[in-house]
Amino acid sequence: MLSAQRTGGDDSSGRWQTGGMGLYRDQILPRIVDLTMRGDDVEKARARVTAGLDGEVLEIGFGSGLNIPYYPATLKHVWAVDPAAVGRKLAAKRAAASAVPIEYIGLDAQRLPVGDASADHVLSTWTLCTIPDPMVALAEIIRVLRPGGAFHFVEHGRSPDTKVARTQDRLTPLQRRVAGGCHLNRPIDQLVSGSGLELTQLETYYMKGPRAMEYTFEGIAVRPLTVTPLAASSYRSLSRGCGRRSDSPRPR
Ligand SMILES: C[S@@+](CC[C@H](N)C(=O)[O-])C[C@H]1O[C@@H](n2cnc3c(N)ncnc32)[C@H](O)[C@@H]1O
């Protein structure tokens, strides 16, 4: 089931720019992602990360809806957020076959158009690597989660192996260009726990493939009853760690 969507607009990554790069990013890349984000270990991770989702769920980086087949029956409704219009087209069949109503509500996880404490869960699969400022997105996730609600995620990011991390730092500028802004070197566990969410489960491992691309963080982080606002110095240091300039805007 699929319902109305907001369209148009732009975002801070310049996604709707025209020209060769814009065409690649908007038309070709979503198709590449749709074809490549599959395979045995990816599917198993999707099954694990979606287990336990229920009630009102907000999925950031919804893409072509590859998580739809894994939505548990306990899930009542999904709010989908993604800037890629082609991803939406590719998701249409899966969404139509889904028993869970899916509603597109926005283009950017850094500005979620839903009220405070309105989601039971937020889901993100391989998306925090691409969002221009993941700390702003995480602040939004905390805002929209009800107290006790949980953020379920599987993400690739910075390896603890210094040699691999160095390769990730070297490759990230190229990766950003060819993969729509994707960073290989974001310390996902530090970003999530630094945001004020409480990391209650975390598994880290390499998926099959080049180690620089495949270091994976899979976990659950709960929104505590009271959230301590992030100090400006912590925000600056986490932001620097994920490739943002130190003068990035702080989360609201
Ligand atoms: C690597 S793909 C993953 C797609 C999907 N989550 C999956 O598991 O197949 C990253 C997704 O993040 C989306 N994305 C990029 N910037 C975003 C933003 N600011 N807010 C929300 N989603 C974003 C992209 O359009 C893309 O669909």
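Two residues are in contact here if their C-beta atoms, placed from the backbone, lie within 7 Å. With that in hand, welcome to a set of close-ups of a predicted model.

**View 1. Leu-58 and its neighbours.** Leaving aside residues up to four places away in sequence, Leu-58 touches Trp-79, Val-81, Leu-112, Val-114, Ala-119, Val-122 and Val-144.

**View 2. The largest nonpolar core.** This core gathers 52 residues, and Leu-58, Val-81, Val-122 and Leu-138 have the most contacts inside it. Which helix gives the most to this core? Helix H4 (residues 134-144) does, with eight residues.

**View 3. Strand E5 and its two partners.** Strand E5 (residues 119-125) is largely enclosed by the rest of the structure, because seven of its seven residues are buried. On one pairing, E5 runs parallel to strand E2 (residues 55-60), joined by four bridges. Strand E6 (residues 145-156) also pairs with E5 in the parallel sense, over six bridges. In that pairing, Ala-119 stands opposite Leu-145 in E6. To get from E5 to E6, the chain passes through H4, making a right-handed β-α-β crossover.

**View 4. Helix H4 under cover.** Take a look at the helix between E5 and E6. H4 is mostly covered, with ten of its eleven residues buried. Those buried residues are Pro-134, Met-135, Val-136, Ala-137, Leu-138, Ala-139, Glu-140, Ile-141, Ile-142 and Val-144.

**View 5. Strand E3 between E2 and E4.** Five of the seven residues of strand E3 (residues 75-81) are buried, and the strand is mostly covered. E3 pairs with E2 in the parallel sense over six bridges. Strand E4 (residues 102-106) also runs parallel to E3, with four bridges joining them. Here Ala-80 stands opposite Tyr-104 in E4. Helix H3 (residues 85-97) carries the chain across from E3 to E4, and this β-α-β crossover is right-handed.

**View 6. Val-42 in helix H2.** Val-42 sits in helix H2 (residues 40-50). Is Val-42 buried or partly exposed? A residue needs 20 or more other C-beta atoms within 10 Å to be buried and 12 or fewer to be exposed; Val-42 has 18, so Val-42 is partly exposed. Val-42 and Val-154 are 112 residues apart in sequence, yet their C-alpha atoms are 9.5 Å apart in space.

**View 7. Around the ligand.** The ligand has 20 residues around it, and Gly-61, Gly-63, Ala-84, Ala-109 and Thr-125 come nearest. Sorted by class, this shell holds ten nonpolar, seven polar and three charged residues.

**View 8. Stepping back to the whole protein.** The secondary structure comes to eight helices and eight strands. Of the 252 residues of the protein, 42% count as buried. Among contacts with a separation of 6 or more, 71% join residues 24 or more positions apart.

Technical notes: Residues are numbered from 1 along each chain as its sequence is written. This is a predicted model: local features need pLDDT of at least 70, side-chain atom pairs count only at pLDDT 80 or more; totals for chains, interfaces and linings use all residues. A residue is near a molecule or strand if its C-beta atom, placed from the backbone, lies within 6 Å of it. Ala, Val, Leu, Ile, Met, Phe, Trp, Tyr, Cys and Pro count as nonpolar, Asp, Glu, Lys and Arg as charged, and the others, Gly among them, as polar. Helices (H or I, at least four residues) and strands (E, at least two) are DSSP runs, numbered from the N terminus. A nonpolar core is a set of buried Ala, Val, Leu, Ile, Met, Phe, Trp, Tyr and Cys residues joined through C-beta atoms within 7 Å. Two strands pair if DSSP finds at least two bridges between them. A crossover is right-handed if, with the strands pointing away from the viewer, the path from the first strand over the helix to the second runs clockwise.
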